[in-house]
Amino acid sequence: MAVIQELIRVETDGALSFGNYLLEEKKKVLDFEVDGDVYKLKTYNTITKLEKNGIFLYESVAGTTVHNFYMKENEVSFQVEGKNDAQITLELEAEQEYKLLLDDVNVGKIKTNLSGKINFSVDFEDKIRKIKIIKL
């Protein structure tokens with residue numbers, strides 16, 4: 001896979017792909033509308049951040065490129081790549097427990113805080129990583 005040259009796009013199956021970790025300067029996309037929802041993206045080599053309808057959704061430090069991002073009621077799944085290891089933060093349902101799978105391997109349970117955020121680290125080892133988070 002490659003970085004997203006247009007910074008954010010909707011795939012043919014309805015999934016979102018976004019981010020470009022190779023950019024040296026910050027780029028933004030405002031008011032990207034999908035099915036009545038409005039997304040805002042900020043991305044470059046230091047950070048990738050996505051908001052949906054003005055609410056935090058995804059952030060990575062360092063920057064990443066996310067492919068096929070699906071967010072359903074009980075599950076989030078996507079593929080992610082980057083140049084450097086990344087700390088990823090997602091906002092989900094507050095005070096809930098989730099199972100985190102990295103490349104289809106269960107790496108454990110994580111619980112969201114009062115604001116619904118979870119944090120986890122991803123090391124890329126020159127490959128794209130598959131992430132799945134399932135509500136328990």
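This is a predicted model: local features need pLDDT of at least 70, side-chain atom pairs count only at pLDDT 80 or more; totals for chains, interfaces and linings use all residues.
Trainee: In which strand is Asp 31 found?
Mentor: Residues are numbered from 1 along each chain as its sequence is written, and side-chain values use heavy atoms, with hydrogens and water left out. Strands (E, at least two residues) and helices (H or I, at least four) are DSSP runs, numbered from the N terminus. With that naming, residues 27-34 form the strand in which Asp 31 is found, β3.

Trainee: Is Asp 31 buried or exposed?
Mentor: Buried means under 20% relative accessible area, exposed over 50%, and partly exposed in between (1.4 Å probe, protein chains only). Asp 31 has a relative accessible area of 64%, so this residue is exposed.

Trainee: What is the phi of Asp 35 near?
Mentor: Most residues other than glycine have a negative phi. Asp 35 lies in the loop between β3 and β4 (37-43), and it counts as exposed at 77% relative accessibility. Asp 31 is not a glycine and yet has a positive phi of about 55°. Asp 35, also a residue other than glycine, has a positive phi too, near 50°.

Trainee: What radius of gyration does the protein chain have?
Mentor: This value is taken over C-alpha atoms, and the globule rule is 2.2 Å times the number of residues to the power 0.38. Along its principal axes the C-alpha trace spans about 35 × 35 × 30 Å. For 136 residues, a compact globule would come out near 14 Å, and the protein chain agrees, with 14 Å.

Trainee: Which residue in β6 is the bridge partner of Lys 52?
Mentor: Two strands pair if DSSP finds at least two bridges between them. Strand β5 (residues 48-52) and strand β6 (residues 55-61) run antiparallel and are joined by five bridges. Their hairpin has two residues between the strands, and there Asn 53 takes a positive phi near 55°. Across in β6, the bridge partner of Lys 52 is Ile 55.

Trainee: Which residue in β9 stands opposite Tyr 58?
Mentor: β6 also pairs with strand β9 (residues 86-91), in the antiparallel sense over four bridges. In β9, the residue opposite Tyr 58 is Leu 90.

Trainee: What is the relative accessible area of Ile 88?
Mentor: Ile 88 has its place in strand β9. Contact means heavy atoms within 4.5 Å, and, not counting residues up to four places away in sequence, Ile 88 touches Tyr 58, Glu 59, Ser 60, Val 80, Ile 118, Asn 119, Phe 120 and Val 122. Ile 88 is buried, and its relative accessible area is 0%.

Trainee: What is omega for the bond that joins Val 61 and Ala 62?
Mentor: Most peptide bonds are trans. Ala 62 is found in the loop between β6 and β7 (65-71). The peptide bond joining Val 61 and Ala 62 is cis, with omega about 5°.

Trainee: What share of the 136 residues do buried residues make up?
Mentor: Ile 88, with a relative accessible area of 0%, is one of the buried residues. Of the 136 residues in the protein chain, the buried share is 43%.
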